[in-house]
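Please read it alongside the sequence and coordinates below.

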Amino acid sequence: MAETATAKRTVKFIITRQDNPEAAPYTEEFEVPYRPNMNVISALMEIQRNPVKADGTKTTPVVWESNCLEEVCGACSMVINGKPRQACSALIDKLEQPVRIAPMKTFPVVRDLVINRERMFQALKRVKAWIPIDGTYDLGPGPRMAETKRQWAYELSKCMTCGVCLEACPNVNDRSSFIGPAAISQVRLFNAHPTGEMNAHERLEALMTDGGIEGCGNSQNCVRSCPKGIPLTTSIAAINKDTTKHMFKKWFTM
């Protein structure tokens with residue numbers, strides 16, 4: 001009897017769609033057969049296989065992004081029941097129904113649930129979020145990092161550029177040039193690296209310009225929403241201290 005009831009059960013979805021970047025958004029409703037332990041991605045796959053709306057009319061398959069399905073790549077970020085998160089880890093059994101799915105609003109929509117994360121990648125370029133190595137030859141082992149530093153640096157390295165922290169931050173929007181918490185945290189990560197710290201002043205300088213760290217309003221939404229549990233507000237506080245010290249150092253050496 002329980003198996004029969006499960007077989008007849010359906011899950012209702014209300015999905016915000018958009019045909020192209022210039023088109024107006026609209027919603028469509030779908031009903032998907034319930035399966036135990038299904039997540040939002042498996043439901044979207046079912047809609048892709050059978051793109052029929054709840055009223056029985058056919059439509060185009062919903063477009064979205066996904067890759068690892070293990071909350072590692074960050075590709076499947078979307079707003080689920082009003083909360084930005086990863087669709088692969090959003091279990092249907094734990095979601096209020098109907099399940100409402102929409103693209104993140106902080107980024108331009110390409111189509112349906114697919115967004116353009118160029119804003120994040122440009123921010124990483126701006127702060128030089130990499131370790132510069134001069135030449136392609138073997139330089140040998142680099143300097144060792146203290147274990148205590150390595151442990152917290154590893155937590156920062158878990159960032160998967162998913163964009164959830166930017167979506168949750170009220171200071172990141174189309175009227176603001178704020179670089180966002182992800183890039184600031186990456187500055188802390190690469191400035192802590194024994195080789196990366198040689199370029200620490202360049203990264204701090206980048207954050208001291210318009211749209212840099214001064215744009216943070218300390219709402220702390222980022223650290224509450226980060227799917228990897230990265231201590232973003234701790235990084236922001238540390239970089240705020242570093243930029244202040246760097247500013248005074250510049251004044252006294254002029």
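In E5, Val99 is the bridge partner of Phe13. The model is predicted, so local features need pLDDT of at least 70 and side-chain atom pairs count only at pLDDT 80 or more, while totals for chains, interfaces and linings use all residues. Residues are numbered from 1 along each chain as its sequence is written, and side-chain values use heavy atoms, with hydrogens and water left out.

Helices (H or I, at least four residues) and strands (E, at least two) are DSSP runs, numbered from the N terminus. Two strands pair if DSSP finds at least two bridges between them. E1 and E5 pair in the parallel sense over three bridges. Strand E3 (residues 77-80) pairs with strand E5 (residues 99-102) in the antiparallel sense, over two bridges. Bridge or facing partners in E5 are listed here.

| Residue | Partner in E5 |
|---|---|
| Val79 | Ala102, bridge partner |

The five strands form an open sheet of mixed pairing, in the order E2-E1-E5-E3-E4. Strand E2 (26-33) and strand E4 (83-86) stand at the edges with a single partner strand each, so one side of each has no neighbour in the sheet. From one strand to the next, the twist averages 35°; axes are lines fitted to C-alpha atoms, for helices over the stretch in contact, and angles run from 0 to 180 degrees between N-to-C directions. Helix H2 (residues 40-49) lies across strand E1 (10-17), E2, E3 and E5, and runs at about 95° to E2.

Domain bounds come from an automatic or database domain assignment, which divides the protein into domain 1 (6-115) and domain 2 (118-132 + 142-253). Their centres, taken over C-alpha atoms, are separated by 31 Å. The contact (heavy atoms within 4.5 Å) takes 13 residues from domain 1 and 12 residues from domain 2. Domain 1 and domain 2 bury about 1,000 Å² between them, with 59% of it on carbon and sulfur atoms. Buried area here is the accessible area (1.4 Å probe) that two parts lose on being put together, summed over both.

A disulfide is a pair of cysteine sulfur atoms within 2.5 Å, and by this rule the count is zero. The closest cysteine sulfur to that of Cys76 is in Cys88, 3.7 Å away and therefore too far for a bond. Cys226 is in no disulfide either, the nearest cysteine sulfur being that of Cys162 at 6.4 Å. Buried means under 20% relative accessible area, exposed over 50%, and partly exposed in between (1.4 Å probe, protein chains only). Cys76 is buried at 3%, and Cys226 is buried at 16%.
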